[in-house]
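Have the sequence and the 3D view open as you read.

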Amino acid sequence: MNLDISGAKIFFQIPTGIPVLGDIIISETLVVSWIVMAIITGLCYFLTRDLKVENIGKRQAVAEMLVESVENLVRSNTGGTKFDWLIPFVAAVFSTSLVSNLISLTGLRSPTTDLSTEAAWASMVFVMITANKIKAGGILGYLKGFTTPIFVMTPFNILSEIATPVSMACRHFGNILSGVVINGLIYASLAVASSALFGLLPGLLGSVLSNIPILSVGLPAVLSVYFDWFTGVMQAFIFTMLTIMYIANAAEG
Amino acid sequence: MKTQELVTIIPWTFIAQILNLFIQIYFIKRFLFKPVHEILQKRQEKADAELKSARQAREEAETMKSEYESSMASARQEAAGIIDRAEKDAESRADKMIREAEAQAAAMKAKAESDIQQEKKKALNEVKDQIGGLVMDIAGKVVEKEISEEDHARLISEFIENAEVAS
């Protein structure tokens, strides 16, 4: 049995003729991203309908709890309200990452299995880190920071600076993709195993049952708790926490 | 259907995902943070207003209480004043009545005394008249006849008896 693990499906390709950027590709990644955005926005809209000052309903309680927990997360990790501008970004990254990771449960291909997505987010974080470093120490201070503690360290410092977004992107991407790959492998291997096992049965019964991947029921669901739920939530949280930490550290100079 | 490489960065997708994240930030701000912050603000304002009004009400109650107390005190004072005045009034009226009564009694006494004096004078005058009459009688009798010594004595004792009866 062949197992084909490939990238996102390409729905259509718009040729642009621009040398570096290449063609615009409307892929599964983008389409599912839009679905994810629609889900998040719809959820926000649903949660904040007819808000009340008193006698709040469950929906409003959830909405207020979400807002307050994001604010608390950012404020407790940066110490103070200096980084309140970061709160919407953190909320957007966390929710998008979380819903993208978990949307694979519905059978859609999650946008976070495409490195473009994580690279985009990590680049934004990198831009913010750099902007904050420059704001904290001035452009000269920022450049000078690369030569510490001694001048010889400069290439390593530049490398470590670039490694930050690369590691962030690859960590998230690798974890999610590995979950998809492993799930694919398990499904395939269980199908093979069940075909082999029930092929031992004699006659028609065996040939019918061997075509049904009976062993695929059960075990993948258990593994999915780890590879989809745990990894998905964990990676979203890690990416968010790293974003907050790096930017807070950058601003401290 | 064609698929892209498993591990690759497609520039347009990269750009699109950045834009998507910005749009998502805007939507989260617009549909979650803004309304929730508004409602939290409103709740804060309401709580503040209620606290303020409660404090105001307490202050009002305290001023009312002090007003009530002061008015109670003044009322008590007034009541005491009224009683005082009434007592004084009653006393002065009683004094006046006593004085009047005394004056009346004195007047009555004086009148009675003057009456007695008058009566006495009247009686004396009558006695005088009678004595005169008697003298005239005796004189007449003396003139009529020679008075013996016995007669004389008798006349005197008669006169004295009459005088005693008259007085």
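## Where the chains meet

Between chain B and chain A there are 13 residue pairs in polar contact, both residues at pLDDT 80 or more. A polar contact is a pair of N or O atoms within 3.5 Å; within protein, one must be able to donate a hydrogen and the other to accept it, and residues adjacent in sequence count only if both atoms are side-chain atoms. On the side of chain B that touches chain A, you'll find 24 nonpolar, 8 polar and 7 charged residues. Here Ala, Val, Leu, Ile, Met, Phe, Trp, Tyr, Cys and Pro count as nonpolar, Asp, Glu, Lys and Arg as charged, and the others, Gly among them, as polar.

This is a predicted model: local features need pLDDT of at least 70, side-chain atom pairs count only at pLDDT 80 or more, and totals for chains, interfaces and linings use all residues. Residues are numbered from 1 along each chain as its sequence is written, chains are lettered from A and ligands numbered from 1 in the order in which they are written, and side-chain values use heavy atoms, with hydrogens and water left out.

In total, 39 residues of chain B are in contact (heavy atoms within 4.5 Å) with 61 residues of chain A. Together the two chains bury about 4,300 Å², 72% of it on carbon and sulfur atoms; buried area is the accessible area (1.4 Å probe) that two parts lose on being put together, summed over both. There are also 2 salt bridges between the chains, each being a side-chain nitrogen of Lys or Arg within 4 Å of a carboxyl oxygen of Asp or Glu. E54(A) and K46(B) form a salt bridge, at 2.7 Å from N to O.

## The largest pocket

How big is the largest pocket? Its volume is about 550 Å³. A pocket, on a 1 Å grid over the protein atoms alone, is an open set of points where a 1.4 Å probe fits, with protein on both sides within 12 Å along at least five of seven lines; lining residues have an atom within 4 Å of a point. Grid points are joined across faces, edges and corners, and a volume is the space filled by probe spheres set on the points.

The lining has 9 nonpolar, 10 polar and 5 charged residues. α5(A) gives the most, with 6 residues; helices (H or I, at least four residues) are DSSP runs, numbered from the N terminus.

## The second largest pocket

This one has a volume of about 440 Å³. Its lining divides into 17 nonpolar, 3 polar and no charged residues, and α3(A) supplies the largest share, 6 residues.

T148(A) and P149(A) are joined by a cis peptide bond, with omega about -10°. P149(A) sits in the loop between α4 (115-144) and α5 of chain A.

Note on methods:
Helices (H or I, at least four residues) and strands (E, at least two) are DSSP runs, numbered from the N terminus.
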